[in-house]
Amino acid sequence: MSIDKRTFQIDNQWNIIHLPKQPNGFAVMIIGDCSHYVDEHTSLWKQNTERANLIQSLKNQGYTIFYSNLYGRHWGSPKAVILAKRLYHYVMKHEILNPNIHLIAEGMGSLVALRLMEEMEKNIRSALFINPCIDLQYHFNHERQNRLFFKRLIREIISAYNTEEDIESLINNMPQTKHLTAKTPVQIWHAARGVAFNFKEHSRSYEKRRQEIAAPISLSIHVPEATFNPARAFQEYFKNYEKVL
């Protein structure tokens, strides 16, 4: 019987790799949002029906899919970026795959994806963002309005960044959208309402930056009630960027 997934640890963080029956040679790294988790036996992407269907659909098309627990609520910390890189190199070492991968990033996972695009641009074939957090500095200042959530956000960021630096100084010194230079093709799906990160301040601002540097960008704003088949849309998007090996 063939193995369809493996779990393993890097730096005490669980990771999962899903293996297709008939590999097409391309791989997809998923970087999840706040509720994302991976343990020894399962993950959010296996427990959630819609996400599990997406993974199965991509596997049916031959994609190898991998992701990490990535320290939970990492808020794009350098530690999480380093682990994502280590995971990439681990997978490339142990599987026969094209070294240039696709990314799927959701919510805060986009903060890590953006760093990978900047630091590993030649190895990132394309990126798909779902309701992304692009600007942590804006999100931090926006959350000041809600005292309860704001205190929790401060605790999470201090824990993720493992720093004694003043939180205001840390936030003010974070990379900003205007400093992003990677030209990796990007498609964004962002809900018009009901999500933690507002599309105008995150995706629309990022779209403007991409246009300034003449980088490929497609932004789709949708209402939650609209019919959306992510599996088909994602596969079609990926294939657009697989013509050059």
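Q: What makes the size of this protein agree with a compact globule?
A: For 245 residues, a compact globule would have a radius of gyration near 18 Å, and the protein has 17 Å, so the two agree. The rule behind that is 2.2 Å times the number of residues to the power 0.38, with the radius taken over C-alpha atoms. Keep in mind that this is a predicted model, where local features need pLDDT of at least 70, side-chain atom pairs count only at pLDDT 80 or more, and totals for chains, interfaces and linings use all residues. Residues are numbered from 1 along each chain as its sequence is written, and side-chain values use heavy atoms, leaving out hydrogens and water.

Q: Why is Cys-133 called buried?
A: Buried means under 20% relative accessible area (exposed is over 50%, partly exposed in between; 1.4 Å probe, protein chains only). Cys-133 comes in at 0%, so it's buried. Across the protein, 53% of the 245 residues count as buried.

Q: What counts as a contact, and how many of the contacts between residues at least 6 apart join residues at least 24 apart?
A: Contact means heavy atoms within 4.5 Å. Of those between residues at least 6 apart in sequence, 74% join residues at least 24 apart.
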